Amino acid sequence: MTVTHHPAPATAPRTGLWLIGARGSVATTALAGAAAVAAGLHPPTGMVTETAPFDAAALPPLDSLVLGGHDTASVPLPKRAETLAAAGVLPHGLPTALRAELAAAEERIRPGAGPEDPRGTEELIAGYAADLAAFARAHGLARTVVVNVASTEPAADAGAPLPPSSLYAAAALRAGCGYVNFTPSTGLHHPRLADAARTASVPHAGRDGKTGQTLLRSVLAPMFAQRALTVRAWSGSNLLGGGDGAALADPAAAAAKNAGKARVLADTLGAAPEGEVHIDDVPAMGEWKTAWDHVAFDGFLGSRMILQTIWQGCDSALAAPLVLDLARLVARCHERGLAGPVDGLGFFFKDPDSGPADLSAQWMALLELAGRLAADGAPPGGGGGARNDDASSAAGDGR
């Protein structure tokens, strides 16, 4: 696959990328990666939007992105980047080379609400939306995309107050920003935000970025289906450390994560086979993860066979280029007047809003989207980016 880097024209409008969980591993890696690629320090390995099929899509160049975000963590971005470099996630010396960029992004991070915050639902949403509006004004942004890369939440109780991910999602719609949920957290999937999500005047996409084990499942499961091989059981295990490992040690959070992993098998094979995915927190592994799958299947005349796979990698380094891809695509969708859930982005997600489950078909749908975004076409719809009153009314109760 040919990789091409697209520099910004001198007059390129600036696009905001607002990260929920802005001081976390994924956000820090995405920020450092965007700056490093834009400066020509590293190639855009892993970014599909920097490959030839997207040349005509007129996506915002990396050096036109302005990054900010919300977080409840207090470790500043420059220090977080140094920690990631020490762990081997970022190249040695990169935090020093990007000190100015990291410091500038740190100044643009605003505090999120902690568990003891006394503000109610409406006040929090209004405050987050005001932060987004101030960010756009301060930096002269043409538009902003909000991407949730915060730690996984347990599945939301429909009768409880909106969880943090849904508060940020509602604020994004209210502020006229595109929205991406890169986590399995509830976000726009909360029942009280259903109308707002369906009638949004801005584009949105989700949920749960597909970076490793499920990426492989979305390739292998169609192979069994297409070759008429009966899958009897599909089990898996994940060993991981870092913030993700600590968050997923909560059984409720792990259950939310595993729901997306199981969906690709059920959608592709027609029914979910026996087997579960187990997630174990191993702090000694730091930012690295090992995923193991065991597939039991039947061949001709009932012969029993086994396929085992092992995936070892760094989730932050796998996720960060996809975050940048999604931000650029959703920003371009916004510019072209697309609104609501964006067809064609299932390639990036375990639990996509629409489209097929297998990676090959998802890739073709993504290429179709790239064609629709090409600069020589007429805008498919009007406007986008106005305040979404449905988001305001849907989320205005439940203090």
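This is a predicted model: local features need pLDDT of at least 70, side-chain atom pairs count only at pLDDT 80 or more; totals for chains, interfaces and linings use all residues.

**Ground rules.** I number residues from 1 along each chain as its sequence is written, and side-chain values use heavy atoms, with hydrogens and water left out.

**Confidence.** I looked up pLDDT, the predictor's confidence in each residue from 0 to 100. The protein chain averages 89, and 89% of its residues score at least 70. Over residues 378-399 the value is below 50, and beyond near neighbours in sequence this stretch has 54 contacts in the model (contact: heavy atoms within 4.5 Å).

**Overall.** I find 13 helices and 11 strands; these are DSSP runs numbered from the N terminus, helices being H or I of at least four residues and strands E of at least two. Of the 399 residues, 53% are buried (buried is under 20% relative accessible area, exposed over 50%, partly exposed in between, with a 1.4 Å probe and protein chains only).

**The sheet.** In which order do the 7 strands of the open sheet lie? I read β3-β2-β1-β4-β5-β6-β11, with parallel pairing (two strands pair if DSSP finds at least two bridges between them). The edge strands, β3 (109-111) and β11 (340-341), each pair on one side only. Between β1 and β4 I see 7 bridges, and R14 stands opposite L141 in β4.

**The cores.** A nonpolar core here is a set of buried Ala, Val, Leu, Ile, Met, Phe, Trp, Tyr and Cys residues joined through side-chain atoms within 4.5 Å. The largest has 61 residues, and L19, V147, F182, L345, F348 and L366 touch the most other members. Helix α11 (315-335) is among the elements giving two or more residues, and α11 gives the most, with 11. A second, separate core of 28 residues includes I20, I125, Y168 and L173. Back at L19, I list its contacts beyond four places in sequence: A27, L67, G68, G69, H70, V147, V149 and V323.

**A loop residue.** V89 sits in the loop between α2 and α3 (94-97). Is V89 buried or exposed? V89 counts as buried because its relative accessibility is 12%. Leaving out residues up to four places away, V89 touches T29, L84, E287, W288, C314 and S316. E287 is 198 residues from V89 in sequence, yet their C-alpha atoms are 7.4 Å apart.
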